[in-house]
Amino acid sequence: DTYNYVEVALLSTLLGFGTTSLIFFFRSFKTSSFFCNDGTRTSIHDFAVTIAVLVGALIKEMLFADIPTEQLNVPETFETTFQCCDASCVTMFPDDCPTQDGP
């Protein structure tokens, strides 16, 4: 399985422009007459970005699962990246902690 830069670049570009187009499409619902009540149109307008990102992610995973795109690496646990030099945590990190490595 080889990494093809052209495929990844083309897919990423199409997904980026497609997601942006969907955002503008969903944001135009607020002033349109697609749905009969104003609450539905406002909800679609308010969540346009979220809906468009989810649709783009689903399209990538369902239709183009064989193309390896760059993805965000999410850690398994939620923890701080900074640890104090001492137990009281009254020191300023870069100045007062010369023995501790940076983040």
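Me: What share of the contacts in the chain with a separation of 6 or more comes from residues 24 or more positions apart?

Reply: The share is 42%. Keep in mind that this is a predicted model.

Me: Let's get the outline. How many helices and strands are there in the chain?

Reply: There are four helices and zero strands. Read from the N terminus, the elements go α-α-α-α.

Me: How much of the chain is buried?

Reply: Of the 103 residues, 17% are buried.

Me: Which residues of helix 3 are buried?

Reply: They are A48, A52, G56 and K60. These residues cover an arc of only 100° around the axis, so they sit on the same side of helix 3. Here is the general idea. An α-helix has 3.6 residues a turn, so residues three or four places apart point the same way.

Me: Which exposed residues does the opposite face of helix 3 carry?

Reply: The face turned away from the buried side carries L54 and M62, both exposed.

Me: What covers the buried residues of helix 3?

Reply: The cover includes helix 1 (5–27) and helix 2 (38–46). Take T19 as a case. T19 is in helix 1. Its relative accessibility is 16%, under the 20% cut-off, so T19 counts as buried. Leave aside neighbours within four places in sequence, and T19 is in contact with A52, V53 and G56.

Me: Where is T40, and how accessible is it?

Reply: T40 is in helix 2. At 30% relative accessibility, T40 counts as partly exposed. Its C-alpha atom is separated by 9.0 Å from that of F29. Along the chain, T40 and F29 are 11 residues apart.

Me: What should I know about cores? Which residues form the largest nonpolar core here?

Reply: Start with the general idea. In soluble globular proteins, nonpolar side chains tend to be buried together. In this chain, the largest nonpolar core has six residues: I23, F26, F29, I44, A48 and A52. Helix 1 and helix 3 each supply at least two residues of this core.

Me: How do I read aromatic rings, and how many aromatic pairs does a search of the whole structure find?

Reply: A pair of aromatic rings is described by the distance of the centres and the angle of the planes. The search finds four aromatic pairs. One of them joins F25 and F29, at 5.1 Å centre to centre with 80° between the planes. That pair is edge-to-face. F26 and F29 have ring centres 5.9 Å apart and planes at 75°, so this pair is edge-to-face too. Ring pairs link F25, F26 and F29 into a cluster.

Me: One last residue. Where does F34 lie, and what does F34 touch?

Reply: F34 lies in the loop between helix 1 and helix 2. F34 has a relative accessible area of 52%, over the 50% cut-off, so F34 is exposed. Leaving out residues up to four places away in sequence, F34 touches F25, F29 and R41.

Conventions. Residues are numbered from 1 along each chain as its sequence is written. This is a predicted model: local features need pLDDT of at least 70, side-chain atom pairs count only at pLDDT 80 or more; totals for chains, interfaces and linings use all residues. Side-chain values use heavy atoms; hydrogens and water are left out. Buried means under 20% relative accessible area, exposed over 50%, partly exposed in between (1.4 Å probe, protein chains only). The arc is that of the directions from the helix axis to the C-beta atoms. Contact means heavy atoms within 4.5 Å. A nonpolar core is a set of buried Ala, Val, Leu, Ile, Met, Phe, Trp, Tyr and Cys residues joined through side-chain atoms within 4.5 Å. Rings of Phe, Tyr and Trp (its six-membered ring) pair if their centres lie within 6.5 Å; planes under 30 degrees apart count as stacked, over 60 as edge-to-face and the rest as tilted.
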